[in-house]
Amino acid sequence: MSENLIQGTWWETADMSTCDKLSVFQSFQKSRCYSRLLEISPSMELCNKLTYEFEKEECYIAESTKQKDSSFCEKNISTQDNKDNCYLSLANVTGEVQLCDKIVNPVFILLCYRNVAKTNKDPGVCVLSERVEKGAQFGCVWDVAVTTGNPEFCDSLNNSSKILACYQLVASQLNDYSI
(Lines give C-alpha, C1' and ligand atoms only; values in the text may rest on other atoms or scores of the structure.)
Protein backbone atom coordinates (compact mmCIF):
# COMPACT_ATOMS: atom_id res chain seq x y z
CA MET A 1 0.00 0.00 0.00
CA SER A 2 2.79 2.49 0.84
CA GLU A 3 4.25 2.06 -2.64
CA ASN A 4 0.83 2.84 -4.12
CA LEU A 5 0.62 5.94 -1.93
CA ILE A 6 3.95 7.19 -3.17
CA GLN A 7 2.99 6.55 -6.78
CA GLY A 8 -0.43 8.09 -6.20
CA THR A 9 -2.37 5.06 -7.45
CA TRP A 10 -3.83 4.03 -4.08
CA TRP A 11 -7.31 5.24 -5.01
CA GLU A 12 -7.62 2.85 -7.94
CA THR A 13 -7.86 -0.14 -5.59
CA ALA A 14 -9.16 1.61 -2.48
CA ASP A 15 -11.63 0.05 -0.13
CA MET A 16 -12.73 1.08 3.37
CA SER A 17 -9.83 -0.73 5.06
CA THR A 18 -7.33 1.01 2.75
CA CYS A 19 -8.69 4.40 3.73
CA ASP A 20 -8.82 3.49 7.43
CA LYS A 21 -5.13 2.51 7.40
CA LEU A 22 -3.96 5.94 6.29
CA SER A 23 -2.45 7.87 9.20
CA VAL A 24 -3.58 11.21 10.59
CA PHE A 25 -0.53 12.69 8.88
CA GLN A 26 -2.06 11.66 5.58
CA SER A 27 -5.38 13.41 6.20
CA PHE A 28 -5.61 14.79 2.66
CA GLN A 29 -5.07 11.34 1.13
CA LYS A 30 -7.44 9.79 3.65
CA SER A 31 -10.12 12.29 2.75
CA ARG A 32 -9.51 11.70 -0.96
CA CYS A 33 -9.75 7.97 -0.39
CA TYR A 34 -13.13 8.24 1.35
CA SER A 35 -14.32 10.67 -1.33
CA ARG A 36 -13.39 8.14 -4.01
CA LEU A 37 -15.40 5.46 -2.21
CA LEU A 38 -18.33 7.86 -1.95
CA GLU A 39 -18.35 8.22 -5.73
CA ILE A 40 -18.78 4.47 -6.01
CA SER A 41 -21.21 3.91 -3.15
CA PRO A 42 -22.30 6.77 -0.88
CA SER A 43 -23.15 5.96 2.74
CA MET A 44 -23.54 7.73 6.07
CA GLU A 45 -20.64 5.71 7.46
CA LEU A 46 -18.35 7.18 4.81
CA CYS A 47 -19.76 10.69 5.29
CA ASN A 48 -18.87 10.53 8.95
CA LYS A 49 -15.29 9.49 8.15
CA LEU A 50 -14.54 12.51 5.99
CA THR A 51 -12.00 14.90 7.45
CA TYR A 52 -13.29 18.32 6.45
CA GLU A 53 -16.67 19.72 7.49
CA PHE A 54 -17.54 21.03 4.01
CA GLU A 55 -16.95 17.53 2.58
CA LYS A 56 -19.14 15.97 5.25
CA GLU A 57 -21.96 18.39 4.55
CA GLU A 58 -21.77 17.79 0.79
CA CYS A 59 -21.88 14.08 1.53
CA TYR A 60 -24.92 14.49 3.81
CA ILE A 61 -26.67 16.41 1.03
CA ALA A 62 -25.99 13.56 -1.39
CA GLU A 63 -27.11 10.97 1.15
CA SER A 64 -30.29 12.94 1.91
CA THR A 65 -31.10 13.00 -1.80
CA LYS A 66 -30.28 9.32 -2.24
CA GLN A 67 -32.39 8.29 0.76
CA LYS A 68 -35.08 10.91 0.03
CA ASP A 69 -34.98 11.84 3.71
CA SER A 70 -34.96 15.46 4.92
CA SER A 71 -33.81 14.46 8.41
CA PHE A 72 -30.23 14.36 7.06
CA CYS A 73 -30.58 18.06 6.26
CA GLU A 74 -31.91 18.87 9.70
CA LYS A 75 -29.65 16.70 11.86
CA ASN A 76 -26.30 16.64 10.10
CA ILE A 77 -25.80 19.99 8.42
CA SER A 78 -24.75 23.03 10.40
CA THR A 79 -24.69 25.99 7.99
CA GLN A 80 -27.93 27.49 6.72
CA ASP A 81 -26.69 27.75 3.13
CA ASN A 82 -25.91 24.02 3.09
CA LYS A 83 -29.26 23.22 4.72
CA ASP A 84 -30.93 25.27 2.00
CA ASN A 85 -28.92 23.42 -0.64
CA CYS A 86 -29.90 20.10 0.95
CA TYR A 87 -33.62 20.94 0.91
CA LEU A 88 -33.30 22.20 -2.67
CA SER A 89 -31.55 19.02 -3.85
CA LEU A 90 -34.10 16.85 -2.10
CA ALA A 91 -37.06 18.82 -3.47
CA ASN A 92 -35.62 18.46 -6.99
CA VAL A 93 -35.78 14.69 -6.61
CA THR A 94 -39.00 14.27 -4.64
CA GLY A 95 -41.09 17.15 -5.98
CA GLU A 96 -42.22 17.90 -2.41
CA VAL A 97 -43.12 21.58 -2.22
CA GLN A 98 -43.04 21.55 1.62
CA LEU A 99 -39.26 21.28 1.45
CA CYS A 100 -39.13 24.69 -0.24
CA ASP A 101 -40.84 26.17 2.82
CA LYS A 102 -37.79 25.26 4.93
CA ILE A 103 -35.38 27.27 2.76
CA VAL A 104 -34.20 30.71 3.93
CA ASN A 105 -32.02 31.97 1.03
CA PRO A 106 -34.28 33.89 -1.43
CA VAL A 107 -32.38 32.61 -4.49
CA PHE A 108 -32.75 29.00 -3.35
CA ILE A 109 -36.43 29.60 -2.54
CA LEU A 110 -37.17 30.61 -6.12
CA LEU A 111 -35.09 27.76 -7.55
CA CYS A 112 -36.85 25.29 -5.30
CA TYR A 113 -40.38 26.32 -6.26
CA ARG A 114 -39.39 26.50 -9.93
CA ASN A 115 -37.83 23.03 -9.88
CA VAL A 116 -40.74 21.50 -7.96
CA ALA A 117 -43.16 23.10 -10.41
CA LYS A 118 -41.21 21.58 -13.32
CA THR A 119 -40.90 18.18 -11.63
CA ASN A 120 -44.62 18.07 -10.89
CA LYS A 121 -45.57 19.80 -14.17
CA ASP A 122 -47.62 22.20 -12.07
CA PRO A 123 -47.20 25.94 -12.67
CA GLY A 124 -49.62 26.55 -9.81
CA VAL A 125 -46.65 26.03 -7.50
CA CYS A 126 -45.17 29.22 -8.97
CA VAL A 127 -48.21 31.43 -8.54
CA LEU A 128 -49.82 30.01 -5.42
CA SER A 129 -46.82 30.27 -3.15
CA GLU A 130 -46.54 33.52 -1.24
CA ARG A 131 -42.78 32.95 -1.08
CA VAL A 132 -42.30 33.37 -4.84
CA GLU A 133 -42.14 37.09 -5.52
CA LYS A 134 -44.74 38.39 -7.96
CA GLY A 135 -42.06 39.46 -10.42
CA ALA A 136 -40.51 35.99 -10.41
CA GLN A 137 -43.78 34.16 -11.00
CA PHE A 138 -43.77 34.92 -14.73
CA GLY A 139 -40.32 33.38 -15.24
CA CYS A 140 -41.26 30.38 -13.15
CA VAL A 141 -44.46 29.68 -15.11
CA TRP A 142 -42.71 30.30 -18.43
CA ASP A 143 -39.95 27.87 -17.47
CA VAL A 144 -42.49 25.17 -16.57
CA ALA A 145 -44.41 25.77 -19.81
CA VAL A 146 -41.24 25.52 -21.93
CA THR A 147 -39.84 22.53 -20.06
CA THR A 148 -43.06 20.59 -20.35
CA GLY A 149 -43.89 21.86 -23.85
CA ASN A 150 -47.31 22.92 -22.60
CA PRO A 151 -48.09 26.58 -23.39
CA GLU A 152 -51.49 26.30 -21.69
CA PHE A 153 -49.62 26.58 -18.39
CA CYS A 154 -49.25 30.27 -19.23
CA ASP A 155 -52.95 30.61 -18.43
CA SER A 156 -52.14 30.28 -14.72
CA LEU A 157 -50.72 33.82 -14.78
CA ASN A 158 -53.14 36.47 -13.54
CA ASN A 159 -52.44 39.15 -16.14
CA SER A 160 -53.51 39.03 -19.79
CA SER A 161 -50.40 40.78 -21.10
CA LYS A 162 -48.19 38.34 -19.16
CA ILE A 163 -50.21 35.40 -20.49
CA LEU A 164 -49.74 36.63 -24.06
CA ALA A 165 -46.01 37.24 -23.51
CA CYS A 166 -45.67 33.77 -21.99
CA TYR A 167 -47.37 32.16 -25.01
CA GLN A 168 -45.06 34.08 -27.33
CA LEU A 169 -41.94 33.05 -25.43
CA VAL A 170 -43.02 29.41 -25.30
CA ALA A 171 -43.80 29.44 -29.03
CA SER A 172 -40.38 30.92 -29.72
CA GLN A 173 -38.58 28.40 -27.51
CA LEU A 174 -40.48 25.49 -29.01
CA ASN A 175 -40.12 26.93 -32.52
CA ASP A 176 -43.85 26.42 -32.96
CA TYR A 177 -45.67 29.60 -33.84
CA SER A 178 -49.03 27.88 -34.27
CA ILE A 179 -49.53 28.03 -30.51
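## Cys 112 and its contacts

Let's start with Cys 112: setting aside residues up to four places away in sequence, this cysteine touches Leu 88, Ala 91, Leu 99, Cys 100 and Ile 103. The model shown here is a predicted one. Cys 112 also belongs to the largest nonpolar core, a set of 45 residues, where Ile 103, Cys 112 and Cys 126 touch the most other members. Several elements give two or more residues to this core: α3 (27-40), α4 (44-49), α5 (53-67), α7, α8, α9 (124-128), α10 (134-148) and α11 (160-174).

## How α7 meets α8

Two packed helices are described by the angle between their axes and the distance between the axes. Here the axes of α7 (residues 80-94) and α8 (residues 106-120) cross at roughly 10 degrees and come within 9 Å. Because angles under 35 degrees count as roughly parallel, α7 is roughly parallel to α8.

Which residues bring the two helices into contact? On the α7 side they are Asp 81, Asp 84, Asn 85, Leu 88, Ala 91 and Asn 92. Their partners in α8 are Phe 108, Leu 111, Cys 112, Asn 115, Val 116 and Thr 119. Sorted by class, this contact has 6 nonpolar, 4 polar and 2 charged residues.

## The chain as a whole

Stepping back, we find 11 helices and 0 strands in the chain. The pattern along the sequence accordingly reads α-α-α-α-α-α-α-α-α-α-α. Of the 179 residues in the chain, 40% are buried.

The chain exposes about 10000 Å², and carbon and sulfur atoms supply 50% of that area. Among contacts with a separation of 6 or more, 32% involve residues 24 or more positions apart.

Cys 140 sits in helix α10. Is Cys 140 buried or exposed? Its relative accessibility is 0%, so Cys 140 counts as buried. Leaving aside neighbours within four places in sequence, Cys 140 is in contact with Tyr 113, Arg 114, Ala 117 and Cys 126. Cys 126 is one of the residues that touch the most other members of the largest nonpolar core.

With neighbours within four places in sequence left aside, Ser 64 is in contact with Asp 69, Ser 70, Phe 72, Cys 73, Cys 86 and Leu 90.

Lys 121 lies in the loop between α8 and α9, and has a positive phi of about 50 degrees although it is not a glycine. Where is Asn 175 placed? Asn 175 is found in the segment after α11; Asn 175 is not a glycine either, yet has a positive phi of about 55 degrees.

Residues over 50% relative accessible area count as exposed. Lys 121 is therefore exposed, at 54%, and Asn 175 is exposed too, at 61%.

Definitions and conventions
Residues numbered from 1 in each chain as written. Predicted model: local features only at pLDDT ≥ 70, side-chain atom pairs only at ≥ 80, totals over all residues. Heavy atoms only, no water. Axes fitted to C-alpha atoms, helices over the stretch in contact; angles between N-to-C directions. Helix = DSSP H or I, 4+ residues; strand = E, 2+ residues; numbered from the N terminus. Parallel < 35°, antiparallel > 145°, perpendicular 65-115°, else oblique. Contact = heavy atoms within 4.5 Å. Nonpolar A, V, L, I, M, F, W, Y, C, P; charged D, E, K, R; others polar. Buried < 20%, exposed > 50% of the residue type's maximum accessible area, 1.4 Å probe, protein only. Areas by Shrake-Rupley, 256 points an atom, 1.4 Å probe, with all protein chains shown as cover. Core = buried A, V, L, I, M, F, W, Y, C linked by side-chain atoms within 4.5 Å.
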